[in-house]
Amino acid sequence: MLVAATLQVACGSTPPPRAPPRPVATVTGPLTDFVPSAGLRWLVVAHPAELAHDPAFHEALELLLPTPRLAAFAVSSGLDLREVTTGLAAGFDYATLYAAECPTGGELVERRFVDRLAGAEHTERSEQPTIVRISGTRADVPETLVDVRGRFVAVSVGDPTPARVLELYARRRLTRSPSALRGAALAALPSSLAAAPIVLYAPGPFSGEWAAGARGLLGGATAMAATVVPKGEAIELTVVLAGAFDAVDADRLVSAWTDLEASSMGKLLSLDQPIAPPKAALEDGRLVLRIGLSLRPLATGLRAAVAADVWEILNIPPPPSGPARPAAGSRAAPGGGAR
């Protein structure tokens, strides 16, 4: 009787409700929050859409990245750089990480990425269906794409570690590991720098030839940053060095800039023709140098100096009228020779 009663209750009772599915965590925060600080050598963050819609800057940008070439890149990659609100490139010892905010179109970028791979790709999805990782090779070089759908896409060229770490940040698995701008070195720089349309970061300590740079100031710097802010037909360039400096070091920084102006690269970029003389000061323990430069001569010089590299980065053949590419195994030096 007891067994029968138990079976009757069990068969007639309503099964317990299933546990609700785990909510998918929303991936928030600036793009730099997903870049690892470990092993970081340099980081460039830009706001391409803001720059592309600035009339004067757009005209200068056309010298480096003509509209037809950007359109070709958009078709081949599934990503229109002119509409990217924030993008970045980060250099590590064995890899370069590229990332761009992509609220829509992430799946198209995935398809274009797979199309460019040699052989079969390997796709992994985390417990969060909005995060996808695809890996493969291209020209015998490993490439790894991470798509955080609705937020951003990232590609690591070379060692896949930066992409895998980025994915772990997105999945909130590295809450105790500091990201790029929160690492010990770059955290010493003012957070206000991030508001600039273009920012270059370089964590210290600097060694070798770098330590002797800026008349030895880099040897005592824990981090360096440079920002570019359009000002009509000009730009304001700001250089910040974090470290144990004093007021007299400001004069050394100006002298270091004067050295750069007189160099072959400085003349090529028209740095020796500033709108106003450079000014440096000690601000909150950091050395800060500011200078105004004419935009058009600077862009023309950059085109002559690095246009070939731009085409290589975007994987687009250079235009027939563009500057000649250096021979394999060599790189054009500022003075026009090889190094």
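**Briefing on a predicted model**

The chain averages a pLDDT of 83, and 81% of the residues score at least 70. The structure is a predicted model, and pLDDT expresses the predictor's confidence in each residue on a scale from 0 to 100.

**Confidence along the chain**

- Residues 18–25 have a pLDDT below 50. Beyond near neighbours in sequence, this stretch has five contacts in the model.
- Residues 320–339 likewise keep a pLDDT under 50. For residues 320–339, the model has 22 contacts beyond four places in sequence.
- Where pLDDT is low, the predicted coordinates should not be read in detail.

**Helices α4 and α5**

- Helix α4 spans residues 67–77 and helix α5 spans residues 106–116. Their axes come within 7 Å and cross at roughly 85°.
- Because angles of 65 to 115 degrees count as roughly perpendicular, α4 is described as roughly perpendicular to α5.
- On the α4 side, V75, S76 and S77 make the contact. On the α5 side, the contact is made by V109, R112 and R116.
- Sorted by class, the contact of α4 with α5 has two nonpolar, two polar and two charged residues.

**The cavity**

- Rolling a probe the size of a water molecule over the atoms shows where empty space is left.
- In the whole structure, a search finds one cavity of 30 Å³ or more. The volume of the largest cavity is about 30 Å³.
- The lining of the largest cavity consists of A52, H58, L61, E62, L65, L70 and R82.
- Helix α3, residues 55–64, gives the most to this lining, with three residues.
- By class, the lining of the largest cavity comprises four nonpolar residues, one polar residue and two charged residues.

**Backbone features in loops**

- The peptide bond from G204 to P205 is cis, and its omega is near 0°. P205 lies in the loop between β8 (198–203) and β9 (221–231).
- R172 has a positive phi of about 60°, although R172 is not a glycine. R172 is placed in the loop between α6 (161–170) and β8.

Methods
Residues are numbered from 1 along each chain as its sequence is written. This is a predicted model: local features need pLDDT of at least 70, side-chain atom pairs count only at pLDDT 80 or more; totals for chains, interfaces and linings use all residues. Side-chain values use heavy atoms; hydrogens and water are left out. Axes are lines fitted to C-alpha atoms, for helices over the stretch in contact, and angles run from 0 to 180 degrees between N-to-C directions. Helices (H or I, at least four residues) and strands (E, at least two) are DSSP runs, numbered from the N terminus. Angles under 35 degrees count as roughly parallel, over 145 as roughly antiparallel, 65 to 115 as roughly perpendicular and the rest as oblique. Contact means heavy atoms within 4.5 Å. Ala, Val, Leu, Ile, Met, Phe, Trp, Tyr, Cys and Pro count as nonpolar, Asp, Glu, Lys and Arg as charged, and the others, Gly among them, as polar. On a 1 Å grid over the protein atoms alone, a cavity is a set of points where a 1.4 Å probe fits but cannot get out, and a pocket is an open set with protein on both sides within 12 Å along at least five of seven lines; lining residues have an atom within 4 Å of a point. Grid points are joined across faces, edges and corners, and a volume is the space filled by probe spheres set on the points.
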